[in-house]
Amino acid sequence: MENKVIVITGAAMGLGYAAAEILGEKKANLVLVDYNEEALEESANKLKKLYPEIKVLTVKADVSKEEQVKNYVDATVKEFGRIDGFYNNAGIEGKQALLAEYDLEVFKKVIDINLMGVYYGLRYVIPVMQKQKYGRIVNVSSVGGIRGVLNQTPYVASKHAVSGMTKNAALEYGKDGILTNAIAPGAILTPMVAESFKQVNPDNPKAAEEAFAKNNPTKSLGDPKDVAELVAFLISDKNGYISGQTIAIDGGESNMYGNSEN
């Protein structure tokens with residue numbers, strides 16, 4: 001990964017930042033993209049202290065805005081001249097509610113960020129990689145992209161769409177040396193997942209976390225570093241022939257039939 005240029009969206013925290021740490025350790029140059037400018041700069045400063053030999057560029061962007069996505073791609077090309085890897089990670093869960101009762105504005109926001117944000121990223125990054133005849137892309141789907149999840153219809157719909165776009169990108173651009181995959185994290189203990197547990201049990205989110213973990217074959221939640229290691233492999237030259245796949249990283253829980261009781 002040394003001197004590779006990797007773009008990471010949703011990089012300020014959670015799965016995005018965990019991947020940035022792993023990739024920085026492997027001496028990749030990083031472009032960190034997030035809408036939260038303060039958190040973004042804090043994360044960038046941490047990485048610069050940890051890995052002073054790498055270059056770190058930050059770009060504030062709301063991935064649901066096409067022009068802002070184009071801007072972070074243009075800024076990367078201007079700074080580095082290329083994009084070797086793209087971790088298309090930014091996303092939100094939304095609120096938890098039954099399908100027929102879901103707030104339409106929140107529904108649209110989830111689709112705009114989780115689906116359109118991923119699409120805009122692919123739309124502007126892929127032409128750069130085509131010119132290079134090389135690229136590695138990792139989109140973030142979810143176990144909600146390979147099965148249903150109660151009370152999260154727009155999230156599930158958007159993540160299924162990410163899995164579908166991943167397949168098409170692999171089919172259409174493999175000839176250009178671009179390998180495109182998706183990951184499907186389960187309950188990885190990130191700030192977004194912690195917020196979900198607060199929605200399930202506002203009085204005792206830790207109890208909701210423990211109850212959820214009991215249903216997992218490993219009886220535990222995942223660590224962001226576990227996801228980061230998978231991303232680092234898929235986005236590296238060590239991945240020479242895996243493309244069009246959505247890879248679950250959930251302790252095996254997605255193999256269970258149906259949903260557990262809330």
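The lining of the largest cavity is made up, by class, of 3 nonpolar, 3 polar and 3 charged residues.

User: Which residues line the largest cavity, and what volume does it have?

Analyst: This is a predicted model, and in it the largest cavity has a volume of about 50 Å³, with a lining formed by V143, R147, G186, A187, F212, N216, D250, E253 and S254.

User: How many cavities of 30 Å³ or more turn up in the whole structure?

Analyst: Searching the whole structure gives 1 cavity of 30 Å³ or more.

User: OK, pockets now. How much space lies in the second largest pocket, and what lines it?

Analyst: The second largest pocket holds about 190 Å³ of space, and its lining consists of Y119, L122, R123, I126, P127, M165, N168, A169, E172 and Y173. The elements that contribute two or more residues to that lining are α4 (104–132) and α5 (153–173).

User: And the lining by class?

Analyst: For the second largest pocket, the lining has 7 nonpolar residues, 1 polar residue and 2 charged residues.

User: Switching to packing: how many residues are in the largest nonpolar core, and which have the most contacts inside it?

Analyst: The largest nonpolar core has 34 residues, and I8, L30, L32, Y87 and I183 are those with the most contacts inside it. Two or more residues each come from β1 (5–9), α1 (14–25), β2, α2 (37–50), β5 (135–140) and α8 (224–234), and the largest share, 7 residues, is supplied by α1.

User: What does I8 touch?

Analyst: Setting aside residues up to four places away in sequence, I8 touches G16, A19, A20, L23, L30, V31, L32, V33 and Y87. There is also a second, separate core of 30 residues, which includes Y72, I111, L122 and Y124; L122 is also one of the residues lining the second largest pocket.

User: Last topic, N29: where is it found, and is it buried or exposed?

Analyst: N29 is found in strand β2, which covers residues 29–34, and N29 counts as buried because its relative accessibility is 8%, where the cut-off for buried is under 20%.

User: What lies 2.9 Å from its side chain, and what is N29 in contact with?

Analyst: A polar atom of the N29 side chain lies 2.9 Å from the backbone nitrogen of K55.

Notes. Residues are numbered from 1 along each chain as its sequence is written. This is a predicted model: local features need pLDDT of at least 70, side-chain atom pairs count only at pLDDT 80 or more; totals for chains, interfaces and linings use all residues. Side-chain values use heavy atoms; hydrogens and water are left out. On a 1 Å grid over the protein atoms alone, a cavity is a set of points where a 1.4 Å probe fits but cannot get out, and a pocket is an open set with protein on both sides within 12 Å along at least five of seven lines; lining residues have an atom within 4 Å of a point. Grid points are joined across faces, edges and corners, and a volume is the space filled by probe spheres set on the points. Helices (H or I, at least four residues) and strands (E, at least two) are DSSP runs, numbered from the N terminus. Ala, Val, Leu, Ile, Met, Phe, Trp, Tyr, Cys and Pro count as nonpolar, Asp, Glu, Lys and Arg as charged, and the others, Gly among them, as polar. Buried means under 20% relative accessible area, exposed over 50%, partly exposed in between (1.4 Å probe, protein chains only). A polar contact is a pair of N or O atoms within 3.5 Å; within protein, one must be able to donate a hydrogen and the other to accept it, and residues adjacent in sequence count only if both atoms are side-chain atoms. A nonpolar core is a set of buried Ala, Val, Leu, Ile, Met, Phe, Trp, Tyr and Cys residues joined through side-chain atoms within 4.5 Å. Contact means heavy atoms within 4.5 Å.
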